[in-house]
Amino acid sequence: PRFQQRELREFHRQRGIATEAWSPLGQGTILKDATIDEIASNHNRTAAQVVLRWHLQLGNVVIPKSVTPSRIEENFQIFDFELSEDEMTAFESLDAGERIGPDPARFG
């Protein structure tokens, strides 16, 4: 949510390219955000669940990494609720242009 790349996602959409969310949970850093916590409370879900749901509603491919069985199970419990338009807008406000991984334009 802190690195949303709207223009790139639109470019992909126009060309039928699937966008994959790399590190969709921001390596856990986003999970302590107050906005996300409030949205999670509204749905009786965890912060991770609402972030994963947000990615799905954007149309991103989401492959969260976990080795903890309970978290893996939790990650699958995102298909029986939807975020409202206002909640999706709240997520938009979290974009800070913060890349947490290597920049492919400068890789190598």
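Asp-33 is found in the loop between β1 (20–21) and α2 (34–43). Helices (H or I, at least four residues) and strands (E, at least two) are DSSP runs, numbered from the N terminus. The model is predicted: local features need pLDDT of at least 70, side-chain atom pairs count only at pLDDT 80 or more, and totals for chains, interfaces and linings use all residues. Residues are numbered from 1 along each chain as its sequence is written, and side-chain values use heavy atoms, with hydrogens and water left out.

Asp-33 counts as buried, at 12% relative accessibility. Buried means under 20% relative accessible area, exposed over 50%, and partly exposed in between (1.4 Å probe, protein chains only). Asp-33 touches Arg-2 and Leu-94, not counting residues up to four places away in sequence. Contact here means heavy atoms within 4.5 Å. The side chain of Asp-33 makes a polar contact of 3.2 Å with the side chain of Arg-2. The side chain of Asp-33 also reaches the backbone nitrogen of Ile-36, at 3.2 Å. A polar contact is a pair of N or O atoms within 3.5 Å; within protein, one must be able to donate a hydrogen and the other to accept it, and residues adjacent in sequence count only if both atoms are side-chain atoms.

Asp-33 and Arg-2 also form a salt bridge, with the closest N and O atoms 3.2 Å apart. Asp-33 lies in the loop between β1 and α2 and Arg-2 in the segment before α1, so the pair ties together parts that are 31 residues apart in sequence. A salt bridge is a side-chain nitrogen of Lys or Arg within 4 Å of a carboxyl oxygen of Asp or Glu. By this rule the count comes to 5 salt bridges. Arg-2 is partly exposed, at 25% relative accessibility.

Arg-2 meets Glu-98 in a further salt bridge (3.9 Å, N to O). This pair links distant parts of the chain: Glu-98 sits in the segment after α5 and Arg-2 in the segment before α1, 96 residues apart. Glu-98 is partly exposed, at 43% relative accessibility. Another salt bridge pairs the side chains of Arg-45 and Asp-80 (2.7 Å, N to O). Arg-45 lies in the loop between α2 and α3 and Asp-80 in the loop between α4 and α5, so the pair ties together parts that are 35 residues apart in sequence. Asp-80 counts as exposed, at 60% relative accessibility. Salt bridges that share partners join Arg-2, Asp-33 and Glu-98 into one network.

Helix α3 (residues 47–58) has 12 residues, which at 1.5 Å a residue should span 16 Å; its end C-alpha atoms are 17 Å apart, in agreement. The expected span of a helix is 1.5 Å times one less than its number of residues. Of the 12 residues of α3, 9 are buried, so the helix is largely enclosed by the rest of the structure. The buried residues are Ala-47, Ala-48, Gln-49, Val-50, Val-51, Leu-52, Arg-53, Trp-54 and His-55. Their cover includes β1, α2, β2 (61–62), α4 (69–76) and α5 (85–92). Just after α3, Gly-59 takes a positive phi of about 100°.

Positive phi values also occur outside glycine. Gln-27, which is not a glycine, has a positive phi of about 55°. Gln-27 is found in the loop between β1 and α2. This residue is exposed, with a relative accessible area of 58%. Asn-44 likewise has a positive phi, near 55°, and is a residue other than glycine. Asn-44 is placed in the loop between α2 and α3. Asn-44 is exposed, with a relative accessible area of 71%.

On the surface, Leu-8, Phe-11 and Ile-17 form a nonpolar patch, with about 250 Å² of accessible area together. Patches are made of residues with over 30% relative accessible area and no salt bridge: like charges are joined within 9 Å, nonpolar side chains (Val, Leu, Ile, Met, Phe, Trp, Tyr) within 5 Å. Accessible areas come from the Shrake-Rupley method with a 1.4 Å probe; for residues, only the protein chains shown count as cover. Leu-8 lies in helix α1 (residues 6–14). Leu-8 is partly exposed, with a relative accessible area of 36%.
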